[in-house]
Protein chains: 2
Amino acid sequence: MPAPHPTEHARAIGQDGLADALVHAAFATMAVLSKVGAENDLSLTQLRVLAILRDRRLRMTALADYLGLEKSTMTGLVDRAERRGLLERAPSASDGRAVDVFLSPEGADLAGRLYAHVGRSLAPMTSELAPAEQRRLQTLLERMLGPHES
Amino acid sequence: MPAPHPTEHARAIGQDGLADALVHAAFATMAVLSKVGAENDLSLTQLRVLAILRDRRLRMTALADYLGLEKSTMTGLVDRAERRGLLERAPSASDGRAVDVFLSPEGADLAGRLYAHVGRSLAPMTSELAPAEQRRLQTLLERMLGPHES
DNA sequence: TATTGTTATACTCTATAACTATA
DNA sequence: TATAGTTATAGAGTATAACAATA
């Protein structure tokens with residue numbers, strides 16, 4: 001798994017300075033997430049599935065909506081994760097057509113470890129800034145991204 | 001192409017507040033890049049290839065290094081882009097084993113339009129911040145990401 | 001011998017279309 | 001009829017291993 005070179009496309013894609021920096025930061029962050037995933041034999045999509053289901057039980061269609069994917073794509077995605085024992089399917093109690101998906105104990109365990117791992121893996125980047133700068137960056141990003149649900 | 005829901009995994013993956021915000025911003029930015037790519041029938045990887053080659057001529061191996069992919073992966077990637085007339089291959093002048101890759105005129109044209117398109121597509125997000133905040137955000141991101149080459 | 005690129009192979013990710021079972 | 005999920009199919013993206021050509 002060779003390491004990428006996030007800076008280059010960032011510089012070439014972005015329109016202005018801020019867009020450049022955002023694209024650059026996005027590639028750097030995604031590279032970290034991909035690496036954390038790869039170290040656990042998880043694609044970025046599987047990582048997202050674990051993250052989304054960390055505190056939720058969702059039907060296939062709702063999971064597809066969260067990921068921005070087609071429901072037919074979910075079948076294989078969930079199949080593979082289920083085969084690895086990371087999540088489980090169960091028929092919905094309220095709708096005979098629907099299938100709920102949720103983390104298995106092993107999946108929840110892995111999700112928890114990944115959660116911590118991502119934080120540690122991002123630290124070398126974030127610790128380039130002093131604590132006060134980190135707080136300012138967080139505030140600006142949160143303002144830019146709008147109010148969180150939850 | 002259904003729209004994703006970047007906030008959720010962000011909240012669930014990140015370790016602390018800043019990591020959360022970075023992951024959230026990365027997913028939001030990647031969603032924009034993916035959308036711009038998809039509107040032009042380009043995957044994120046093909047978008048990166050165009051961006052990287054925008055002002056460069058590289059051999060297959062160097063391109064693979066920039067992307068963080070195996071050289072064998074490049075063959076198919078370049079094949080498909082070449083088949084679409086976006087880039088070209090030529091034998092290296094200095095090394096009989098090597099193959100140079102570079103944008104075709106059409107590829108360069110598309111890359112230029114994508115460049116502008118990305119800037120415009122990111123604007124709704126960045127313009128949530130006042131101009132002074134935008135400058136502060138850019139400065140902080142650039143400090144965090146370290147000095148650019150070029 | 002080592003390196004460059006391709007080929008062969010296999011698996012994951014993704015979408016579209018057609019199907020089934022339920023609502 | 002409409003919705004939930006799966007299956008069938010196809011194509012892109014990715015890696016590993018083996019190979020040919022060149023250095």
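The model is predicted. Around DNA strand D there are 22 residues, and α5 of chain B gives the largest share of that surface, with four residues. Chain B also holds an open sheet of three strands.

**Surface near DNA strand D**
- The residues that come nearest to DNA strand D are A:Thr61, A:Arg89, B:Ser43, B:Ser72 and B:Arg80.
- Of the atoms of DNA strand D within 4 Å of the protein, 65% belong to sugar and phosphate.
- By type, the residues of this surface are five nonpolar, nine polar and eight charged.

**Contacts with phosphate oxygens**
- A:Thr61 has a polar side-chain atom 2.3 Å from a phosphate oxygen of DNA strand D.
- Two or more residues each come from α4 (60–67) and α5 (71–83) of chain A, and from α3 (44–52) and α5 (71–83) of chain B.

**Sheet in chain B**
- The strand order is β1-β3-β2, with antiparallel pairing.
- β1 (58–59) and β2 (87–91) of chain B are edge strands with a single partner strand each, so one side of each has no neighbour in the sheet.
- β1 of chain B pairs with β3 (residues 99–103) over two bridges, and B:Arg59 has B:Asp100 in β3 as its bridge partner.

**Rings**
- B:Arg54 lies over the face of B:Tyr115, 4.3 Å from the ring centre.
- B:Arg57 lies over the face of B:Phe102, 4.1 Å from the ring centre.
- A search over all chains finds zero aromatic pairs.

Note on methods: Residues numbered from 1 in each chain as written. Chains lettered and ligands numbered in written order. Predicted model: local features only at pLDDT ≥ 70, side-chain atom pairs only at ≥ 80, totals over all residues. Heavy atoms only, no water. Pairing = 2+ DSSP bridges. Phe/Tyr/Trp six-rings, centres within 6.5 Å; stacked < 30°, edge-to-face > 60°. Lys NZ or Arg CZ within 6 Å of the ring centre and 35° of its normal. Near = heavy atom within 4 Å. Polar contact = N/O pair within 3.5 Å; in protein donor to acceptor, adjacent residues only side chain to side chain. Nonpolar A, V, L, I, M, F, W, Y, C, P; charged D, E, K, R; others polar.
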